[in-house]
Amino acid sequence: MTTTATHLRTVALHWSDLHEAAGQPTTIGAFGLGLRGYLARLDQADAEQLEYERHQAAHLRSLERDPIQLGDRPVPVRLHILDTMRAVEAALVQCADDIAAAAQRAPIPMPGARKVDGSTYRSLREARIAHEDRQRKVELALADQRDPRRWKYTGERTASYAALWLLARVERAPGPCRRITEQEEARIGKVAAGAAERIERALDIASQKRTLEQLHDCGGRIDVHGGEGRTPVGHCTGCGAIWTEGGVIAA
């Protein structure tokens with residue numbers, strides 16, 4: 001049985017594969033800068049792709065590979081991959097936001113400034129001890145705020161980072177969070193399963209099985225197996241005949 005942890009690892013491991021499959025460099029400016037910035041970059045990519053396809057269609061008959069055309073050419077953006085990335089990132093980041101809002105402990109507050117006059121302390125030693133104590137509290141508060149295990153609402157908010165943070169919650173890893181509830185874990189599991197399924201389908205790395213509506217001549221059902229980069233192949237449950245992608249039954 002596939003677990004929530006496995007789904008989250010699938011997202012984290014294959015996020016760079018989606019970047020490559022989309023026809024874009026691994027580092028895209030919008031990713032990691034928040035959903036608003038990413039959506040703006042995606043809209044720009046959509047517009048650029050439509051403009052590129054328009055020119056391609058207009059010159060399709062005259063575009064022959066000759067010496068004058070050699071050189072760098074634009075890499076077409078695979079919009080269905082970008083759509084997958086947008087949906088997965090939005091769902092995982094929102095899930096992390098919601099879980100953090102409920103389960104993550106607030107940062108340790110910074111100690112307030114203390115007004116000191118000549119009568120505050122009875123000795124220089126007391127003044128030094130008080131100063132050192134405040135410094136320790138400041139350092140503790142800063143360390144807690146900058147804890148890499150703390151989910152942040154600004155900065156790095158990518159799908160892979162959200163998946164790893166949610167994975168830590170599911171696996172009860174230490175951090176500035178309480179133990180998540182069964183309801184919260186179920187929410188994470190639902191989002192993670194949907195994200196992993198979208199990624200596997202976009203990359204064609206998931207093993208898939210379906211039953212065709214048509215029956216073989218013998219009356220048996222045809223179960224088709226595909227995915228994982230393989231050509232779909234089916235087998236008749238009645239006589240064992242093989243179904244190919246062209247729909248032809250081979251004995």
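Mentor: A residue counts as buried when its relative accessible area is under 20%, as exposed when that area is over 50%, and as partly exposed in between. The model is a predicted one.

The structure holds two aromatic pairs. In one of them, Trp151 and Tyr161 are stacked, with 5.7 Å from centre to centre and 25 degrees between the planes. Trp151 belongs to the loop between helix 4 (124-145) and helix 5, whereas Tyr161 belongs to helix 5, so this pair ties together parts 10 residues apart in sequence. Tyr161 has a relative accessibility of 22%; this value falls between 20% and 50%, so Tyr161 is partly exposed.

Trp151 also pairs with Trp165, and here the arrangement is tilted: the centres are 5.6 Å apart and the planes make 45 degrees. This second pair links the loop between helix 4 and helix 5, where Trp151 lies, to Trp165 in helix 5, across 14 residues. Trp151 and Trp165 are both buried. Taken together, the ring pairs join Trp151, Tyr161 and Trp165 into a cluster.

Arg172 is found in the loop between helix 5 and helix 6. Most residues other than glycine have a negative phi. Arg172 is not a glycine, yet its phi is positive, at about 60 degrees. With a relative accessible area of 30%, Arg172 is partly exposed.

Pro176 is another residue of the loop between helix 5 and helix 6. Its relative accessibility is 3%, below the 20% limit, so Pro176 is buried. What does Pro176 touch, leaving out residues up to four places away in sequence? Its contacts are Ala103, Gln104, Arg105, Asp147, Arg149 and Arg150. The C-alpha atom of Pro176 is 9.8 Å from that of Gln145, and 31 residues along the chain separate the two.

The largest nonpolar core has 34 residues, and Leu8, Leu92 and Leu166 have the most contacts inside it. Helix 1 (4-21), helix 3 (79-103), helix 5 and helix 6 (182-203) each contribute at least two residues to this core. Helix 3 provides the largest share, with 11 residues. Beyond its neighbours within four places in sequence, Leu166 is in contact with Leu8, Leu92, Cys95, Ala96, Ile99 and Ile188.

For the setting, the chain has six helices and five strands. Read from the N terminus, the elements run α-α-α-α-α-α-β-β-β-β-β. Of the 251 residues in the chain, 33% are buried. Among contacts with a separation of 6 or more, 59% join residues 24 or more positions apart. The accessible surface of the chain is about 15,900 Å², and carbon and sulfur atoms account for 54% of it.

Confidence has to be read alongside all this. The mean pLDDT of the chain is 75, with 57% of the residues at 70 or more. Helix 5 (residues 159-170) has the highest confidence, with a mean of 96, and helix 2 (residues 35-58) the lowest, with a mean of 55. Over residues 25-36 the pLDDT stays under 50, and the model gives this stretch 21 contacts beyond four places in sequence. Residues 64-68 also have a pLDDT below 50, with three contacts in the model beyond near neighbours in sequence. Where pLDDT is low, the predicted coordinates should not be read in detail.

Conventions: Residues are numbered from 1 along each chain as its sequence is written. This is a predicted model: local features need pLDDT of at least 70, side-chain atom pairs count only at pLDDT 80 or more; totals for chains, interfaces and linings use all residues. Side-chain values use heavy atoms; hydrogens and water are left out. pLDDT is the predictor's confidence in each residue, from 0 to 100. Helices (H or I, at least four residues) and strands (E, at least two) are DSSP runs, numbered from the N terminus. Contact means heavy atoms within 4.5 Å. A nonpolar core is a set of buried Ala, Val, Leu, Ile, Met, Phe, Trp, Tyr and Cys residues joined through side-chain atoms within 4.5 Å. Buried means under 20% relative accessible area, exposed over 50%, partly exposed in between (1.4 Å probe, protein chains only). Accessible areas come from the Shrake-Rupley method with a 1.4 Å probe; for residues, only the protein chains shown count as cover. Rings of Phe, Tyr and Trp (its six-membered ring) pair if their centres lie within 6.5 Å; planes under 30 degrees apart count as stacked, over 60 as edge-to-face and the rest as tilted.
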